[in-house]
Amino acid sequence: MARAGTNLRTSYLESNEVLRRPYQKVLVGLILVAAVLLPGGSSDYFLHLINLCLLACIGALGLMMLTGFCGQISLGHAAFLAIGAFTTVILTVHLKLPFIVVVPAAAVTGAMIGFLVGLPSLRFRGVYLAISTLAMHYAIIFVATTYQAKFSASASAGITIPDPTIGPLKISGAPTWYYFLLVLLTFITIGCVNLVRTRPGRAWMAIRDRDIAAEALGINLTRYKLLAFMLSATLASVSGSLMAYYSNVVTVEAYTLDLAVIYVAMIIVGGMGSILGGLMGAFFITLLPYGIEHLFEFLPRAWRFGSTVFGVQVGAVGVCIILFLLLEPKGLAEIWRRTETYFDRWPFRYRPLDTTRR
Amino acid sequence: MGLEIENLKLQFGGIVALNGVSFKADDGELVAIVGPNGAGKTALLNCINGVYRPTAGHIRLDGRDLTTVPVDKIALAGVGRAFQHGEMFPHMTVTENLMVGRHLRMKSGIFASALYFGRARREEMEERKTIERIIDFFELYRYRDTLTGDLPYGVQKMVGVARALALEPKLLLLDEPSTGLMREEKENFARYLLRIRHEMKVAIIWVEHDMQMVTDLADRIVVLNYGEVIADGVPDVVRRIPKVIEAYLGAD
């Protein structure tokens with residue numbers, strides 16, 4: 001079919017496309033090709049960092065669907081990750097179940113806990129809801145701590161998890177994990193993108209923007225809020241479960257309130273209400289501390305105390321949140337959108353016809 | 001059939017917002033509700049809409065009692081509402097706002113939508129086509145892909161009416177739709193209103209302050225004062241009733 005210009009669309013199917021401009025398809029294709037070729041030309045350490053990013057992406061997309069699209073603030077994301085990790089511990093260590101069963105089981109457990117944690121959202125909004133999810137966080141972490149104290153060799157050592165196998169294939173080592181996570185994240189991203197451009201996504205955004213009007217149009221608030229919590233907890237739980245397999249160790253000390261805040265930072269820095277933003281934010285915030293550590297190597301030796309580096313790493317996340325909220329409240333996704341628009345219009349400066357991008 | 005309101009009472013503590021309101025609106029009838037500030041006009045709409053639960057009385061739509069039905073189920077029963085201040089979803093485009101209006105007419109669940117394949121995808125395209133008719137009706141072509149938060153106030157209010165109509169309601173509630181519109185926009189709105197009345201079989205409850213518009217367009221006027229109906233009839237009769245003149249129109 002002939003196209004008159006990059007913004008002219010000739011069917012409803014096209015108007016609902018995610019990659020609307022021809023070059024975007026090329027760009028995504030190139031990124032995927034680069035992603036497939038990446039392990040060939042990089043060290044295991046670098047791949048390990050990317051794996052951490054991919055794991056964070058899955059969790060961040062979960063929080064993005066809940067907070068960025070449905071508008072329900074949650075500080076319970078670390079607890080959801082812990083649910084996934086501890087479900088994995090119980091099913092692998094006690095019941096010796098295989099990977100292919102454990103991860104879906106963790107997803108289902110996550111969904112159930114998400115349902116429970118979501119129940120207060122039917123009554124509370126905003127800060128009150130955040131506090132109620134915080135309460136849930138402490139309740140879940142308490143249970144996990146008690147469990148760990150009872151079943152791990154020493155209270156602080158954590159619990160070891162063997163490398164997972166799918167049939168004859170053993171997932172171990174950075175490159176294998178990398179490909180596995182890449183495929184999984186691609187499918188999850190496609191699913192999320194489809195959700196936000198169809199009926200459930202619109203219902204969530206309507207609840208986020210004006211819940212009274214949404215209800216008057218027949219959207220069942222109870223159903224959609226709980227669905228958002230369940231989806232969010234499911235993704236977080238899958239991420240937590242895979243993280244447990246990936247790092248071969250589960251310890252409750254990893255699931256602090258700090259971690260929940262870091263996930264909130266990811267979606268703020270990436271840009272609320274944008275799937276691309278969720279991915280960008282997860283990469284940015286995950287890589288930030290490693291980047292800072294790297295920068296410190298350029299400083300004189302006397303400055304390179306471990307505690308200083310750690311302090312700067314923690315502080316940088318906070319500084320990033322504040323800077324983004326002040327200067328770029330729509331996050332990295334908006335920076336990308338502006339850049340794209342600039343080159344799309346060049347040498348003209350007028351605004352594009354379509355102003356949305358999720 | 002249409003809407004039937006019987007002896008409706010609404011009380012907040014000691015304050016009586018509605019005190020025994022009764023009236024009817026037939027299918028295809030345009031009923032205007034007027035009255036001074038605080039007369040209970042919006043409270044009445046909130047009761048019909050299910051936002052407030054009346055203290056006593058009944059609301060029936062086509063014979064079905066809606067008095068205790070929750071808000072989202074009232075939409076399902078066929079009540080569409082355009083809010084006083086638009087109440088748009090500001091971070092969604094006009095098309096998306098209208099598609100939310102089609103929510104109840106769609107079926108795709110979370111799994112089908114995540115796959116965006118087969119029926120879910122066909123349904124999306126079909127409803128997109130339906131939306132186009134509404135965009136056409138309200139002449140919103142230029143705003144299709146604009147975020148509603150970026151639109152001028154007058155256009156936002158029209159999108160609000162369009163969104164309520166997307167529901168294919170049997171009863172349309174309009175809460176001061178022309179307030180804050182420019183003269184030209186008001187004239188356009190009057191035209192849309194008459195077209196809705198003539199082309200769709202929908203009863204319209206229209207809360208309005210512009211008496212000239214009301215007397216020109218409405219089939220019947222219901223006048224509220226302090227939560228009570230003080231007049232109910234055709235415009236030419238109602239505007240000559242001394243009690244109405246005293247309470248709302250003002251004497252010379």
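I began with a helix pair in chain B, where the axes of α3(B) and helix α6 (residues 153-166) of chain B come within 7 Å and cross at roughly 35 degrees. I noted that the model is a predicted one, and that the crossing of α3(B) and α6(B) is right-handed. On the α3(B) side I listed V94(B), N97(B), L98(B), V100(B) and G101(B), and on the α6(B) side V159(B), A162(B), R163(B), A164(B) and A166(B), as the residues that make the contact. Sorted by class, the residues of this contact of α3(B) with α6(B) come out as seven nonpolar, two polar and one charged.

I then turned to a helix pair in chain A, and found that the axes of helix α4 (residues 77-94) and helix α5 (residues 99-118) of chain A come within 9 Å and cross at roughly 135 degrees. Since angles over 145 degrees would count as roughly antiparallel, I recorded α4(A) as oblique to α5(A). The crossing of α4(A) and α5(A) is right-handed. From α4(A), the residues F80(A), I83(A), G84(A), T87(A), T88(A), L91(A) and T92(A) meet V102(A), A105(A), A106(A), T109(A), G110(A), I113(A) and G114(A) in α5(A). The contact of α4(A) with α5(A) divides into seven nonpolar and seven polar residues, with no charged ones.

Next I looked up how the two chains meet, and found that the contact takes 29 residues from chain A and 36 residues from chain B. On the side of chain B that touches chain A, at least two residues each are supplied by α2 (71-77), α3 (94-101), α4 (110-115) and α5 (119-137) of chain B. The largest share of that side comes from α5(B), which gives five residues. By class, the side of chain B that touches chain A holds 19 nonpolar, eight polar and nine charged residues.

Which residues touch the most other members of the largest nonpolar core? I found that, of its 165 residues, these are A60(A), A82(A), M266(A), V31(B), I33(B), I205(B) and W206(B). The most to this core is given by helix α10 (residues 221-247) of chain A, with 16 residues.

Leaving aside neighbours within four places in sequence, L221(A) is in contact with I207(A), D211(A), A214(A) and E215(A). L221(A) and F283(A) are 62 residues apart in sequence, and from C-alpha to C-alpha they are 32 Å apart in space.

Last, I looked at backbone angles in chain B. E87(B) has a positive phi of about 50 degrees although it is not a glycine, and its place is in the loop between β6 (79-82) and α3 of chain B. Is E87(B) buried or exposed? With 20 C-beta neighbours inside 10 Å, E87(B) counts as buried. For Y226(B), also a residue other than glycine, I noted a positive phi near 45 degrees. The place of Y226(B) is in the loop between β9 (220-225) and β10 (228-233) of chain B, and with 15 C-beta neighbours inside 10 Å, Y226(B) counts as partly exposed.

Note on methods: Residues numbered from 1 in each chain as written. Chains lettered and ligands numbered in written order. Predicted model: local features only at pLDDT ≥ 70, side-chain atom pairs only at ≥ 80, totals over all residues. Contact = placed C-beta atoms within 7 Å. Helix = DSSP H or I, 4+ residues; strand = E, 2+ residues; numbered from the N terminus. Nonpolar A, V, L, I, M, F, W, Y, C, P; charged D, E, K, R; others polar. Core = buried A, V, L, I, M, F, W, Y, C linked by C-beta atoms within 7 Å. Buried ≥ 20, exposed ≤ 12 C-beta atoms within 10 Å, placed from the backbone. Axes fitted to C-alpha atoms, helices over the stretch in contact; angles between N-to-C directions. Parallel < 35°, antiparallel > 145°, perpendicular 65-115°, else oblique. Left-handed = near helix turned anticlockwise from the far one by under 90°.
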